[in-house]
Amino acid sequence: MKASDLFVRALEAEGVRWIFAVPGEENLDFLESLRKSSIQLVVTRHEQGAGFMAATVGRLTGKAGVCLSTLGPGATNLLTTAAYAQLGAMPMVMITGQKPIRESKQGTFQIIDVVDMMAPITKYTRQVVGAGYLPARVREAFRRAEEERPGATHLEVPEDILQESVDGRPLEPAEPRRPVPHSQALEKAVELLASARHPLLVVASGANRTRTCSVLTDFVQRFGIPFITTQMGKGVVNERLPEYMGTAALSADDFVHRVVEAADVILNVGHNVVEKPPFIMHPHNGTQVIHLDFSSAQVDPVYFPQVEVTGDIASALTGIMAALEPQSHWDFSHLEPIRVAAQDHFQEKAEVEAFPLRPERLVAELRRAVPENGIVTLDNGMYKLWFARNYPTYAQNTLLLDNALATMGAGLPSAMAAAMVHPDRPVVAVCGDGGFMMNSQELETALRLKLNLVVLVLKDDAFGMIRWKQEHMGFEDFGLTYGNPDFVRYAEAYGARGHRVTHTGEFPILVKEALATPGVDLIEVPVDYSHDQYTLNEEIPKLARAL
């Protein structure tokens, strides 16, 4: 058969449902083969949109999402999304085209070394140098992308290779089996937890696996050990459980860090130092940290666990539960005042009627409006801290944020992918005006796909998070403001419905109406971050230290 047909059959064998793409002339044989396949081609308006959507498909399903670009500028436009998937542990396979390699077609026009360019930010990158290699290269790219720790892989397929005739068939995927932790490591973990007086569980992104979620919930309910989460660990365990003590949006000086400081043994499940630290370890404070993950810990000045349990997380937790008994000397009575103080402080701020909306009010109103199974995706900005701290999640993957690469521009494409994977669930994208404008053209893609989607554009006419940092460092307000289009008319120009919040009470009404209406709705929401410097850097640390 033609090599491009074999290539597509290999992708079908991997269970690929969509390919997100900005194609080029080097991909045309592939496109013709794709036209006759079961895979849906989703043409996006920028390669970043394609990459963010593919990564989010991987994040939500555990099966690698796939994106496609041409050579040169198309491939370089995928770089940010490669880093996004790699650092965020999202399985994704990138396919890029290339000029013929058997003979020169156009000199070095548009040609750069894409394979080497991808090497530092992928788990696997290869050029396919002959049609006979296609089945093995595809299988390996998917295997590497999906195995723990998941991430990005890349295949470069030259134009003339796709045109070859080949005898071959796809390689069938094999079901992976992860190794279980060593018994002595489990024994040490059990010993430390049993001897602790104030144990604490930290739930991080690596625990966001369906089986692990179930086992972790059993663990919390059986032992009653309090837990906190990292930003990307939200949703792994239901935050309605009384053992939930909060999410670490900052690295220190928040209410949740009083819980961490009181712990003498911390069981840290699924943490990787690529995520912004939920807490900072100190070598002489006496706290023992147990690292439990699919892979060993990466030692860092802020993270150097004393015990490592390496292997399948669910199996490790099952082993600990089999050997550990609830201890009568465990004492968690000191934690309730901390949790109550954090809740009371947020509730007080969330009731402020000021306009533009304070972020605390925005988060509280959106939580009331979005059903428990609804999915909220965040771009990257000041609001992310407030959502991490104060948006309770009750189910896995219902708040999607990036705390690894923490790139702007991903919020809208991520929501679009979530709406495709879960078309029966409400989806809301929360974007700052800066991040939204980086990939706002994907509104056209969302409308073309007939997605049901609500997009909140939080308008402060500035790069809000950096402005907060600038103020905290005592610098003058400089270099971080800009102008914006009329977002209502901008949405309407694409064919979406546009709305603007004009007073605080209008916000929840507009959100509920948009969620109840099929199609794409954009809501411009003026926000006020001017109080964040005082609240996060002065008021909260003072209140937390007093507990």
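## A cluster of rings

Let's start with Phe219, Phe223, Trp330 and Phe332, which ring pairs link into a cluster. Rings of Phe, Tyr and Trp (its six-membered ring) pair if their centres lie within 6.5 Å. The model is predicted, so local features need pLDDT of at least 70 and side-chain atom pairs count only at pLDDT 80 or more, while totals for chains, interfaces and linings use all residues. Residues are numbered from 1 along each chain as its sequence is written, and side-chain values use heavy atoms, leaving out hydrogens and water.

## A tilted pair

The structure holds twelve aromatic pairs. In one of them, the ring centres of phenylalanine 387 and tyrosine 391 are 5.6 Å apart, and the pair is tilted because the planes meet at 40° (planes under 30 degrees apart count as stacked, over 60 as edge-to-face and the rest as tilted).

Phenylalanine 387 counts as buried at 0% relative accessibility, and tyrosine 391 counts as buried at 1% (buried means under 20% relative accessible area, exposed over 50%, partly exposed in between, with a 1.4 Å probe and protein chains only).

## An edge-to-face pair

Phenylalanine 463 and tyrosine 482 form an edge-to-face pair, 4.9 Å centre to centre with 70° between the planes. Phenylalanine 463 is partly exposed at 31% relative accessibility, and tyrosine 482 is partly exposed at 23%.

## A charge over a ring

Finally, look at arginine 240: its charged end sits over the ring of tyrosine 394, 3.8 Å from the ring centre. This label applies if NZ of Lys or CZ of Arg is within 6 Å of the ring centre and within 35 degrees of the ring normal.
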